[in-house]
Amino acid sequence: MKKTIPVLLLTAAGFAWVWQYEPVPHTETAVVAQAGTPQPPAAGAGSQTLTGTEVAAGRHGIVQVEVVLTNGSITDVRVLRAPDTNPTERALPTLREEALTAQSADIDTVSGATMTSEAYAESLQAALDRKGS
Amino acid sequence: MLGNPRRVEHIMGFPISIDVRATTSPLGPAVDRAFDWLREVDARFSPFREDSEVSRLNRAELSPAELSDDFLEVLAVCRRYEERSGGAFSVRLPGRGLDPCAVVKGWAVQRAAEALMDAGARRFCVNAGGDVVAAGGPWRVGVRHPDRIDQLCAVLAVEDAAVATSGRYERGDHILDGRTGAPATGLRSITVVADTLTIADTTATAAFALGADGPEWAAAQPGCEVFAVTEGNRVFRSENLPLA
């Protein structure tokens with residue numbers, strides 16, 4: 001059986017990560033903000049690294065992350081401290097973290113692009129055409 | 001020079017693109033035939049067309065003995081996934097007639113892709129409204145972000161595989177849980193990678209209907225890899241998901 005480890009991002013609490021080790025489903029104590037929501041502009045332009053506070057993740061230990069803001073948008077999330085885990089267990093990210101790693105990728109086509117928005121799909125596929133071949 | 005056609009047509013209510021990058025013989029006629037086949041499937045299996053085989057069966061104008069081999073094949077896939085999902089996946093919802101759309105799309109596109117392969121296509125990609133058959137990779141397949149149509153939430157690298165995504169965006173609660181008849185909840189989107197689009201598409205739809213249990217269920221299906229976003233915005237990935 002594949003092990004999954006949900007990770008919750010407490011945006012309001014200063015980017016602290018809470019690690020939970022129960023397999024799904026379980027009751028959530030917090031959820032990530034609407035994924036892809038632009039972050040409030042940072043003071044001044046350029047890149048800024050914010051270190052989150054150490055957060056006790058229940059019986060599992062201490063978690064601490066740092067977040068890199070570039071022009072007010074999160075461009076990276078790094079885990080500084082995490083509880084020891086079984087080597088076969090890997091923390092699963094939130095949608096936000098996942099999208100961060102995917103957003104700059106070069107692609108040939110898109111799955112789930114649309115069900116009804118034909119104009120969107122055509123436009124996207126045309127854009128991919130120009131880029132891909 | 002061999003033609004490398006890339007064409008998009010609207011069939012079954014969504015755009016279908018066929019993108020051929022490498023072939024052993026000119027493929028124009030084969031691509032024509034692929035689109036002809038998909039239009040034929042729409043005419044024969046759409047529940048929205050009065051004279052389709054599905055509509056005629058629903059009006060009892062066709063007896064089970066009169067069903068075409070294609071229709072029987074589709075129904076066999078429907079039954080298999082109804083059983084495997086414990087009834088969450090269903091093509092016979094209360095108050096409605098038989099609606100095999102959830103299976104027909106993937107099945108039809110898979111068959112179109114196999115015909116292209118038989119005609120000499122070696123590296124090609126068919127994308128039917130966001131469900132993909134890729135052959136002769138590497139192909140990099142983005143997975144649409146559930147909130148943002150201009151963003152991706154994953155990129156998969158596949159050689160020869162099908163990728164299907166079921167999500168709540170745009171069409172809203174379009175997948176019902178066959179066990180309750182109510183809209184499926186628990187997932188925002190789920191993407192399944194499998195050998196064929198018949199398997200990938202049907203597994204993704206069934207897993208979406210299963211809700212929170214869907215990702216683990218789909219990952220346990222033979223040959224299926226899974227990427228899912230829950231309503232809590234947590235991301236699940238199966239062990240051997242081919243992330244780029």
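Q: Which relative accessible area counts as buried?
A: Accessibility is computed with a 1.4 Å probe, on protein chains only. Exposed means over 50% relative accessible area, and partly exposed lies in between. Buried means under 20%.

Q: What kind of model is this?
A: Residues are numbered from 1 along each chain as its sequence is written, chains are lettered from A and ligands numbered from 1 in the order in which they are written, and side-chain values use heavy atoms, with hydrogens and water left out. Local features need pLDDT of at least 70, side-chain atom pairs count only at pLDDT 80 or more, and totals for chains, interfaces and linings use all residues; the model is predicted.

Q: Is Thr191(B) buried or exposed?
A: Thr191(B) lies in strand β8 of chain B. Strands (E, at least two residues) and helices (H or I, at least four) are DSSP runs, numbered from the N terminus. The relative accessibility of Thr191(B) is 1%, so this residue counts as buried.

Q: How many of the residues of strand β8 of chain B are buried?
A: Strand β8 spans residues 187–194. The strand is mostly covered. Of its eight residues, the buried ones number eight.

Q: Which residue of β9(B) is the bridge partner of Thr191(B)?
A: Two strands pair if DSSP finds at least two bridges between them. Six bridges join β8(B) to strand β9 (residues 225–230), and the two run antiparallel. Within β9(B), the partner of Thr191(B) is Phe227(B).

Q: Which residue of β8(B) is the bridge partner of Ser166(B)?
A: Strand β7 of chain B covers residues 161–167. Six bridges join β7 to β8(B), again with an antiparallel run. In β8(B), Ser166(B) is bridged to Ile190(B).

Q: Which side chain is joined to that of Thr191(B) by a polar contact of 2.8 Å?
A: A polar contact is a pair of N or O atoms within 3.5 Å; within protein, one must be able to donate a hydrogen and the other to accept it, and residues adjacent in sequence count only if both atoms are side-chain atoms. For Thr191(B), the side-chain partner at 2.8 Å is Thr165(B).

Q: Which residue of chain A does Thr191(B) touch?
A: Contact means heavy atoms within 4.5 Å. Residues up to four places away in sequence are not counted. Thr191(B) touches several residues of chain B, including Val143(B), Leu156(B) and Val226(B), and from chain A it touches Ser111(A).

Q: What pattern does chain A follow along the sequence?
A: Chain A has two helices and seven strands. Buried residues make up 44% of its 133 residues. Along the sequence, the pattern is β-β-β-β-β-β-α-β-α.

Q: How many aromatic pairs are there over all chains?
A: Rings of Phe, Tyr and Trp (its six-membered ring) pair if their centres lie within 6.5 Å. Planes under 30 degrees apart count as stacked, over 60 as edge-to-face and the rest as tilted. Over all chains, the count is four.

Q: How many residues apart are Phe45(B) and Trp107(B)?
A: These two rings form an edge-to-face pair, 5.8 Å centre to centre with 80° between the planes. Phe45(B) is in helix α1 (residues 28–45) of chain B and Trp107(B) in helix α4 (residues 101–118), so-called distant parts of the chain. Both Phe45(B) and Trp107(B) are buried.

Q: Why is the pair of Tyr81(B) and Phe89(B) edge-to-face?
A: Tyr81(B) is buried at 2% relative accessibility, and Phe89(B) is buried at 3%. The ring centres are 6.5 Å apart, and the pair is edge-to-face because the planes stand at 70°.

Q: Which residue has its charged end over the ring of Trp139(B)?
A: A charge sits over a ring if NZ of Lys or CZ of Arg is within 6 Å of the ring centre and within 35 degrees of the ring normal. Lys105(B) lies over the face of Phe14(B), 4.2 Å from the ring centre. Over Trp139(B), 4.3 Å from the centre, sits Arg123(B).

Q: How many disulfides does a search of the whole structure find?
A: A disulfide is a pair of cysteine sulfur atoms within 2.5 Å. Over all chains, the number found is zero.

Q: Which cysteine sulfur is nearest to that of Cys153(B)?
A: Cys153(B) is in no disulfide. The nearest cysteine sulfur is 17 Å away and belongs to Cys125(B).
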